[in-house]
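Reader: I would like a close look at one part of this model. Please go step by step, and then show me how other parts are built.

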Amino acid sequence: MPEGDTIFRAAHTLNRALAGRLVTRFESVFPALTRVADDDPIVGRTVRSVRSQGKHLLMALSGGLTLRTHMRMNGSWHIYRPGEKWQRPVRDMRVLVGTDDFVAVGFNVPVAEFLTDRELARHRQLRALGPDLLDAAFDPDAARTRVRAHGRDAIGDALLNQRAVAGIGNVFKSEILFVAGIDPFRRVDAMTDEDLARVIDVAQNLLQGNVLSREQTLSSAIGRRTTRSLDPNEKLWVYARGGKPCRRCGTLIESRKTGIDARLTYWCPRCQS
Ligand SMILES: [Zn+2]
């Protein structure tokens with residue numbers, strides 16, 4: 001699943017390519033989108049900005065319309081020069097926004113809709129998001145309070161809850177808790193404020209560090225790293241390393257399926273006891 005840093009970088013790259021440019025081409029396989037475009041053309045509008053909010057990508061167009069997309073598990077945005085060969089099959093295209101210089105293609109994007117300014121301001125999912133770890137105005141105390149509100153949940157689950165704090169996906173969940181030295185199955189209400197503050201501090205550092213280090217990359221896990229190692233084989237501490245020795249203490253990394261969609265959690269039973 002794409003994480004907040006991936007969406008943030010995608011928005012940043014799309015913004016650089018498209019902001020201020022006239023839309024010369026718009027296509028989608030979603031009837032709800034093409035219906036809006038038929039009534040009120042997208043071609044001829046200017047892209048005002050592209051930004052992320054949690055894992056939502058928001059492309060604001062002139063005339064008070066915003067294209068909201070959400071990547072869920074498999075969606076991704078690519079950017080190409082006109083005529084350049086796509087890296088994904090045409091059948092995976094869900095939405096396309098083109099200018100004279102670039103073509104932005106949303107592949108397998110499962111959620112896409114146009115929102116008026118009013119709808120954007122009232123959007124339930126966007127309003128429900130917790131503080132965004134990649135927002136310049138991120139407030140760690142507010143995030144801690146919101147995570148605290150999920151006291152009966154395991155901290156690993158609470159970190160994935162976008163209403164508590166926005167931007168963490170499954171890779172970062174495991175990595176953050178390793179770096180913070182916290183057992184992912186520990187209940188939030190069994191944690192001290194200091195522990196919780198440390199987790200949030202680590203989360204902010206890891207996500208922001210990944211945005212700063214490779215803002216060009218649009219694909220998901222490629223290049224993400226949480227260790228300081230320059231060896232490309234040593235980028236992550238625990239994620240996807242079940243049964244391998246912990247990079248810190250040598251204990252074998254454990255993994256377990258959790259949650260409704262059975263995502264894997266990875267941890268070191270010694271470093272995170
Ligand atoms: Zn360890």
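Which residues are the protein donors of the zinc ion, and how far from it do they lie?

Author: One caution before the details: this model is predicted. Now to the metal site. The protein donors are Cys 246, Cys 249, Cys 268 and Cys 271. Each gives its SG atom. These atoms lie 2.3 to 2.4 Å from the zinc ion.

Next, the geometry. The angles among the 4 donor atoms run from 100 to 113°. That makes the site tetrahedral. The cut-off explains why: four donors count as tetrahedral if all angles lie between 85 and 135 degrees. For comparison, the ideal angle for four tetrahedral donors is 109.5 degrees.

Now follow the donors along the chain. Their spacing is C-x2-C-x18-C-x2-C. Cys 249 sits in the loop between helix H8 (193-213) and strand S9 (254-258), while Cys 268 sits in the segment after strand S10 (263-267), so this pair ties together parts that are 19 residues apart in sequence.

Cys 246 is buried, with a relative accessible area of 5%. Cys 249 is partly exposed at 27%. Cys 268 is buried at 0%. Cys 271 is partly exposed at 23%. What about disulfides? The count comes to 0.

From the metal, turn to the strands. Start with strand S3, residues 56-61. Here 6 of the 6 residues are buried, so S3 is largely enclosed by the rest of the structure. In a regular strand the side chains alternate between the two faces of the sheet. Look for that pattern here. His 56, Leu 58 and Ala 60 point one way from S3. Leu 57, Met 59 and Leu 61 point the other way. All of these are buried.

S3 has a partner in strand S2, residues 47-53. The two run antiparallel and are joined by 6 bridges. One example is Gln 53, whose bridge partner in S3 is His 56. S2 and S3 form a hairpin with 2 residues between them. In that turn, Gly 54 has a positive phi of about 60°.

S3 also pairs with S4. Again there are 6 bridges, and the strands run antiparallel.

S4 covers residues 65-70, and Thr 66 is one of them. Thr 66 counts as buried, because its relative accessibility is 4%. Which residues does it touch, leaving aside neighbours within four places in sequence? Among them are Leu 58, Met 59 and Ala 60. Glu 113, Phe 114, Leu 115 and Leu 120 are contacts as well.

Side chains of opposite charge can pair when their charged atoms come close. The structure holds 11 salt bridges. One joins the side chains of Arg 68 and Glu 113, at 2.8 Å from N to O. Arg 68 lies in S4 and Glu 113 in strand S8 (residues 111-116), so the pair ties together parts 45 residues apart in sequence. Arg 68 is buried at 4% relative accessibility, whereas Glu 113 is partly exposed at 25%.

A second salt bridge joins Asp 101 and Arg 21, at 3.6 Å. Asp 101 lies in the loop between strand S6 (93-98) and strand S7 (103-107), and Arg 21 in the loop between helix H1 (4-18) and strand S1 (25-28), so this pair ties together parts 80 residues apart in sequence. Asp 101 is partly exposed at 32%. Arg 21 is partly exposed at 42%.

Last, a linked set. Arg 186 and Asp 195 meet in a salt bridge of 3.4 Å. Together with Arg 198 they are linked in a network of salt bridges. Arg 186 is partly exposed at 26% relative accessibility, and Asp 195 is buried at 13%.

Note on methods: Residues are numbered from 1 along each chain as its sequence is written. This is a predicted model: local features need pLDDT of at least 70, side-chain atom pairs count only at pLDDT 80 or more; totals for chains, interfaces and linings use all residues. Side-chain values use heavy atoms; hydrogens and water are left out. Helices (H or I, at least four residues) and strands (E, at least two) are DSSP runs, numbered from the N terminus. Buried means under 20% relative accessible area, exposed over 50%, partly exposed in between (1.4 Å probe, protein chains only). Contact means heavy atoms within 4.5 Å. A salt bridge is a side-chain nitrogen of Lys or Arg within 4 Å of a carboxyl oxygen of Asp or Glu. A disulfide is a pair of cysteine sulfur atoms within 2.5 Å. Donors are N, O and S atoms within 2.8 Å of the metal (3.2 Å for Na, K and Ca); water is not among the atoms, so sites may look incomplete. Four donors count as tetrahedral if all angles lie between 85 and 135 degrees; four count as square planar and six as octahedral if opposite donors are over 155 degrees apart and all others between 65 and 115; anything else is irregular. Two strands pair if DSSP finds at least two bridges between them.
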